[in-house]
Amino acid sequence: MKVINQTLLEKVIIERSRSSHKGDYGRLLLLGGTYPYGGAIIMAALAAVKSGAGLVTVGTDRENIPALHSHLPEPMAFSLQDQQLLKEQLEKAEVVLLGPGLRDDASGENLVKQVFVNLSQNQILIVDGGALTILARTSLSFPSSQLILTPHQKEWEKLSGITIEKQKEDATASVLPSFPQGTILVEKGPATRIWEVGQSDYYQLQVGGPYQATGEWEILWLG
């Protein structure tokens with residue numbers, strides 16, 4: 001186990017060039033926030049912008065866009081029902097976050113399928129929230145993109161079959177090979193563990209508490 005501490009973070013989070021601009025810091029597409037879960041995608045967008053993502057775009061329910069822009073005017077936003085815009089944004093994005101506040105229904109499942117099919121291996125897909133639930137109950141093939149899974153304990157139970165009380169290091173290590181090589185698992189909990197499929201060691205974040213039970217993980221993992 002390797003501990004995530006201040007020393008490690010200072011190696012990863014470096015000062016940006018004074019001459020840089022938002023185009024230098026990636027294109028992030030966030031998809032989710034379908035009725036009645038609009039708040040989750042707003043929190044994720046806030047975290048993305050405030051942590052320094054370059055060009056942020058949000059696909060959500062049309063009715064959720066005014067609420068998003070009242071909190072955060074920076075992102076472009078579009079309705080998930082606009083298939084042409086969705087296709088265009090999937091092609092442009094370097095990183096896609098799929099699932100915060102995504103309802104587990106037919107529309108949600110269709111969105112997950114569409115994203116999985118259309119992403120390429122040079123893109124990064126972060127699967128969170130409702131998309132994890134949909135992935136767990138379906139037999140969808142994994143996408144060719146770099147895959148990052150961010151389940152909380154109940155979502156990890158659905159994905160892995162490991163009950164919450166048995167979610168120990170050895171149990172997680174035993175099921176990791178069922179995911180594509182190179183997949184990153186952010187196993188959220190009181191002491192969050194970060195794994196990579198194909199690597200025997202893992203990183204552990206040793207801060208945590210009851211505040212993580214409020215939905216703030218939409219912010220914490222991006223921030």
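User: What are the ground rules here?
Analyst: The model is predicted; local features need pLDDT of at least 70, side-chain atom pairs count only at pLDDT 80 or more, and totals for chains, interfaces and linings use all residues. Numbering runs from 1 along each chain as its sequence is written, and side-chain values use heavy atoms, with hydrogens and water left out.

User: Which residues of α7 are buried?
Analyst: E155, W156, E157, L159 and S160, in helix α7 (residues 153-160). Buried is under 20% relative accessible area (1.4 Å probe, protein chains only). Helices are DSSP runs (H or I, at least four residues), numbered from the N terminus.

User: What covers them?
Analyst: The cover includes α6 (129-137) and α8 (169-175).

User: How do α6 and α7 cross?
Analyst: At roughly 20°, with axes within 8 Å. So α6 is roughly parallel to α7 (angles under 35 degrees). Axes are lines fitted to C-alpha atoms over the stretch in contact, and angles run from 0 to 180 degrees between N-to-C directions.

User: Which residues meet there?
Analyst: G129, L132, T133, L135 and A136 of α6 meet E155, K158 and L159 of α7. Contact means heavy atoms within 4.5 Å.

User: Switching to α4 and α5. What angle do they pack at?
Analyst: About 40°, with axes 10 Å apart, for α4 (residues 83-92) and α5 (residues 106-118).

Conventions
Buried means under 20% relative accessible area, exposed over 50%, partly exposed in between (1.4 Å probe, protein chains only). Helices (H or I, at least four residues) and strands (E, at least two) are DSSP runs, numbered from the N terminus. Angles under 35 degrees count as roughly parallel, over 145 as roughly antiparallel, 65 to 115 as roughly perpendicular and the rest as oblique.
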